[in-house]
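Trainee: I have a structure open and would like to talk it through with you. Could we take it feature by feature?

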Number of protein chains: 2
Amino acid sequence: MNAKNAPTTAHTAAGGNAMNTADLGLPVDVPSTALFTDRYEFTMLQAALRGGTAGRRSVFEVFTRRLPEGRRYGVLAGTGRVLDAVENFRFDSGILGFLSDQRIVDETTLNWLADYRFSGDIHGYPEGEVYFPGSPLMRVEGTFGEAVLLETVILSILNHDSAVAAAASRMAVAAGGRPLIEMGARRTHELGAVAAARAAYVGGFSTTSDLAAGFRYNIPTVGTSAHAFTLLHDSERDAFTAQVAALGSGTTLLVDTYDVAEAVRTAVEIAGPELGAVRIDSGDLLLLAHRVRQQLDDLGAHQTKIVVTSDLDEYAIASLAAAPVDAYGVGTQLVTGSGHPTCSMVYKLVARAASDDPSAPLVPVAKKSMGGKTSIGGRKWAARRLDAEGVAEAEVVGSGPVPPELADRQLQVELVRAGEVVAREPLDAARDRHTAARAGLPLSATQLSRGEPVLPTEYA
Amino acid sequence: MNAKNAPTTAHTAAGGNAMNTADLGLPVDVPSTALFTDRYEFTMLQAALRGGTAGRRSVFEVFTRRLPEGRRYGVLAGTGRVLDAVENFRFDSGILGFLSDQRIVDETTLNWLADYRFSGDIHGYPEGEVYFPGSPLMRVEGTFGEAVLLETVILSILNHDSAVAAAASRMAVAAGGRPLIEMGARRTHELGAVAAARAAYVGGFSTTSDLAAGFRYNIPTVGTSAHAFTLLHDSERDAFTAQVAALGSGTTLLVDTYDVAEAVRTAVEIAGPELGAVRIDSGDLLLLAHRVRQQLDDLGAHQTKIVVTSDLDEYAIASLAAAPVDAYGVGTQLVTGSGHPTCSMVYKLVARAASDDPSAPLVPVAKKSMGGKTSIGGRKWAARRLDAEGVAEAEVVGSGPVPPELADRQLQVELVRAGEVVAREPLDAARDRHTAARAGLPLSATQLSRGEPVLPTEYA
């Protein structure tokens, strides 16, 4: 599962680019992530350089003030992509020329950017971990100038990927161990789709229809045929015959183009009882699954599986729990976060040097105005406290020393040390971590109905 | 506005790639779009090649069965990106190696793909046009093999971009001529954000905060500072002084980090009455806008503008219509389609050759089963019928000859002829077209409240 998580040249575009562009979520090389940035990051940098404050040691934290309404837990995804984005945040002559031509920054700032390379430290929750309001998901420390520039790209990745992973996790719970197929590429941006397939895998999906996701992340890909293939032929029989001839009797035949019962009969007649699966993509899936299972069994095709696909979400999946369904294909509702297509993660300055003196101590800072957008200043740790049975009972967040009883329950890990990524891992590690983290929550975490966050966040 | 819509080498990554990769929505070269494809397209191709049907002339159409609930019209966006995707849909050795290694297709199919280049015709609604349920938005004609492969990438682009453009259009209506700033990059996938900024521009936004969108599409970029900049300094006064020193008094100062009234006083004191603008990012924007306007006027800063940003959507924008607001910055709700992050566009085979004979006539085809996913077969035209006052009164769709009275009201244009793109245009053309198309609809089109599609779709 991890072949594509290491740098590879086999499947990337030819070119003389020396940067490490592995695992960027793209099927192609991306020489820089430096323009995935809001303009104000650059104007702030320019003003800070001119004012002499750009070098102040600063601590930024990523967190959410709330979970999407009714959700019981969040799922962090995208951390691996963030590490690549940070590593590839560089300014070549093309980008510097653009910033100069458009008068976005001045000459001093351009010179500073030409040498840019993040040299600070990043800690954070590891990918796949669950989270709650206030969880300090990522902490970026460095000079103000080097850390402020990373705001937009970090938030883009984490907000998108975590939204998909959270939906995937709920669907995986609803599916109760039956495999889930990601097939939402057509419903979202073509490269967003690649990241979505990756996040869905972290959240518990088994496979994807998206070949770019297979190419970049080595996620297993699946897919056989659409209604167009049946309609291309003069009869459904011709279509099934052609598909079985090309793909073998283990293929999946789509049986709802005309009449389902007729199609199932024809399918088994052509492929024999060793037919791999039938797919149902419309109609009352609960009713059809039972009827088709009965029909397959009557025809002796006891091993033939039933795959259902048709605007499924976690509730529709759950409603099929007692139906003879073997796998679910999910598209739209997965890649759009099942009602919550983004998270509300923010990237806030929580501490900075007390003065321009390089040895000045850090002081906590926070926005103070009315309006509900306040945050808590200070560099924070986080730990998940367990009850006597070993079940999580609280997300504890603090900015002082870590209480000894929580020392081995800390959630943050070192991700980047002095600019070097130190926490690369295969995607399966994040997927396994998510399964374990979810299993450690109180039982009510996995109820699909609306509720409060399943753990309270306590500030120590 | 159109410098970046033409191929450019100035701002693209160095490399020996000979393909035309202009305008792909990426700040980097993408040598191929061929893997933004669901696996089943390739397995269908393989089965059709083996069965001898891959060469049957086929007609696929893109349409929606419905608008998002309550919406009055749809906005087509992404057409320009589709044209680039089709042009760059090629198979290099890296991609072929992947398809071979993963046993996705057989040797015959690999050989066929190695020479792939779309050689058919594409017609469609031009970008920025409005649409309704059943509007034939794009029609792809070619052999089954060459046309079926394009399904996923075409749908990804149109479903994503049109969702954002529809939200943008409603926000532009609500803003009533006041400028709108796109600033949602941090809330969506980093490359989805670039496409979202482009779609927002088509829908009526004026500027973006996203530098990658400025780089690729030459959309004007804006942005000055965040709360972090104020918090970096020992006082708000120090922060404003540094920003004005670096960016001039025409800059926009963020006034809600501590106390708004105090900040406005300090801002005008430092920048003088020529202060460009103040930005308010939290609190009761209606109340604050009035208070801040009064305060600015009292301080003699009559020309200083007020920019508001804070989880705005079309309803919040409309609620500020009578407030002294000069510009709106919109993020989350724009890039997530204001409740509808995707469209429900599908790509369906509607006609194909009656036999494998290359001169065989086309026959209409359509899925027939129950379940609501039926479609209407046949190659379709579309026209917008006007009433006596010249206002649109119906979207007329048909598959026979076009009635003479509708001949000059046809909506589809030629986009690709025998594989060559023939309809490139600057992004401003799509933006202007959208404004004109919306203005041609009945007045009730622009009501924000829920309703039915403002035009009925009639099948001739």
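Trainee: How many disulfides does a search of the whole structure find over all chains?

Mentor: Some ground rules to begin with: this is a predicted model, where local features need pLDDT of at least 70, side-chain atom pairs count only at pLDDT 80 or more, and totals for chains, interfaces and linings use all residues. Residues are numbered from 1 along each chain as its sequence is written, chains are lettered from A and ligands numbered from 1 in the order in which they are written, and side-chain values use heavy atoms, with hydrogens and water left out. A disulfide here is a pair of cysteine sulfur atoms within 2.5 Å. Over all chains, the number of disulfides found is zero.

Trainee: Is C343(A) buried or exposed?

Mentor: Buried means under 20% relative accessible area, exposed over 50% and partly exposed in between, with a 1.4 Å probe and protein chains only. C343(A) has 9% relative accessibility, so this cysteine is buried.

Trainee: How do the axes of helix 3 and helix 4 of chain B run relative to each other?

Mentor: Helices are DSSP runs of H or I with at least four residues, strands are runs of E with at least two, and both are numbered from the N terminus. Axes are lines fitted to C-alpha atoms, for helices over the stretch in contact, with angles from 0 to 180 degrees between N-to-C directions; those of helix 3 (residues 93–101) and helix 4 (residues 107–114) of chain B come within 11 Å and cross at roughly 165 degrees. Angles under 35 degrees count as roughly parallel, over 145 as roughly antiparallel, 65 to 115 as roughly perpendicular and the rest as oblique. Helix 3 and helix 4 of chain B are therefore roughly antiparallel.

Trainee: Which residues of helix 4 of chain B meet helix 3 of chain B?

Mentor: Contact means heavy atoms within 4.5 Å. From helix 3 of chain B come L96(B), L99(B) and S100(B), and they meet L110(B), L113(B) and A114(B) in helix 4 of chain B.

Trainee: Where is R103(B) found?

Mentor: R103(B) has a phi near 55 degrees, a positive value in a residue other than glycine. At 71% relative accessibility, R103(B) is exposed. Its place is the loop between helix 3 and helix 4 of chain B.

Trainee: Is A418(B) buried or exposed?

Mentor: A418(B) is in the loop between strand 16 (413–417) and strand 17 (420–421) of chain B. Its phi is positive, about 50 degrees, although A418(B) is not a glycine. With 51% relative accessibility, A418(B) counts as exposed.

Trainee: Which residues is L113(A) in contact with, leaving aside its neighbours within four places in sequence?

Mentor: L113(A) belongs to helix 4 (residues 107–114) of chain A. A relative accessible area of 0% makes L113(A) buried. Apart from those neighbours, its contacts are F42(A), L45(A), F91(A), L96(A), L99(A), V105(A) and L149(A).

Trainee: How are helix 7 and helix 15 of chain A oriented to each other?

Mentor: The axes of helix 7 (residues 192–203) and helix 15 (residues 427–439) of chain A come within 7 Å and cross at roughly 45 degrees. The two helices of chain A are therefore oblique to each other.

Trainee: At what angle do helix 10 and helix 11 of chain B pack?

Mentor: Helix 10 covers residues 236–247 of chain B and helix 11 covers residues 260–271. Their axes are 10 Å apart, and the packing angle is about 40 degrees.
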